[in-house]
Amino acid sequence: MALAEPLVLYTAKICPFAHRVELALAETGLKSNKDFVRYEIDLKNKPEWYQPKINPASKVPAIAYGGPKTTGDQPSPSSTKIAESLVLIEFVADLFPNSSLLPKDPVLRAKTRFFIDTFANKFGPALFTFQSGKAPNGAEGIFSAIEQLQDLMAPEGLAIGDGTEFTLADAAVIPFFGRMEVSLKNDFGAFPEGEGKSTWEALQTDKRFARWKKYWDTAKARESFKTTFDEDYLTKSYSTRWTRA
């Protein structure tokens, strides 16, 4: 597969939303800094040109598509600027309609979008609340959200259909599961000491979460994940952010 126009992805290793787009691009077979430009944005020290020239919201991810080829730090005014992770992964799917990212079957497309919606409304808030130490019932919100996602998953493999094809549902959730693993197994968070590790242990051993565990094992074994996920970087970043007294 090849792109019809130049593409620059503005991203950040720390950001799960940006990782969604990196996964989607990798699943099409595109190679970073070969088939498209991957430009890392330091979220603590963004370039002065980023907000006015790329994304008025000053967030990642963003894509500059079309126009002449650039190095990323000199964005072409003739390129189209697009932002927001779920918009961007659908954009990637539209660029590569023969990929598996959006199933051809309209029912499976609807299931893909419903899975993403459930994740956004149930799992995302539960994980954030737990990590920030504000979950009144500990990890129960995470457990409940994972059980709801399990109910929507294919019996085996990946999330949608027969589980054999990677879809936008997988691209949307995998970055957050990866960061959850780093956070919990290292006890990085504002929750009581030890609660992260015990939560991760439950997700690995409790039969209630057997389908999720199999899903996660399958997902993180994919080459697209291994080439776009920097566990060492995240571990170092989280250890600095969540230093305990």
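The buried residues of helix α5 are I142, F143, A145, I146, L149 and Q150. They cover an arc of only 165 degrees around the axis, which puts them on the same side of α5. This is a predicted model.

**Helix α5**
- Helix α5 runs over residues 140-152, which makes 13 residues.
- At 1.5 Å a residue, α5 should span 18 Å; its end C-alpha atoms are 19 Å apart, so the two values agree.
- The cover over its buried residues includes α4 (106-131), α6 (168-185), α7 (195-205) and α8 (210-220).

**Nonpolar cores**
- Nonpolar side chains tend to be buried together in soluble globular proteins.
- Here, the largest nonpolar core has 64 residues.
- Those with the most contacts inside this core are F123, I174, F177, M180, L203, W212 and Y215.
- Helix α6 gives the most to this core, with 11 residues.
- Another core, of 12 residues, lies apart from it; V8, C15, I41 and A64 are among its members.
- Leaving out residues up to four places away in sequence, F123 touches T118, I142, A145, I146, L149, F176, F177 and M180.

**Largest pocket**
- The largest pocket holds about 500 Å³ of space.
- Its lining has 21 residues, of which P16, F128, Q131, F176 and R241 lie nearest the centre.
- The elements that give two or more residues to this lining are α1 (16-27), α4, α6 and α10 (231-241).
- Helix α4 gives the most to the lining, with 6 residues.

Note on methods: Residues are numbered from 1 along each chain as its sequence is written. This is a predicted model: local features need pLDDT of at least 70, side-chain atom pairs count only at pLDDT 80 or more; totals for chains, interfaces and linings use all residues. Side-chain values use heavy atoms; hydrogens and water are left out. Helices (H or I, at least four residues) and strands (E, at least two) are DSSP runs, numbered from the N terminus. The expected span of a helix is 1.5 Å times one less than its number of residues. Buried means under 20% relative accessible area, exposed over 50%, partly exposed in between (1.4 Å probe, protein chains only). The arc is that of the directions from the helix axis to the C-beta atoms. Contact means heavy atoms within 4.5 Å. A nonpolar core is a set of buried Ala, Val, Leu, Ile, Met, Phe, Trp, Tyr and Cys residues joined through side-chain atoms within 4.5 Å. On a 1 Å grid over the protein atoms alone, a cavity is a set of points where a 1.4 Å probe fits but cannot get out, and a pocket is an open set with protein on both sides within 12 Å along at least five of seven lines; lining residues have an atom within 4 Å of a point. Grid points are joined across faces, edges and corners, and a volume is the space filled by probe spheres set on the points.
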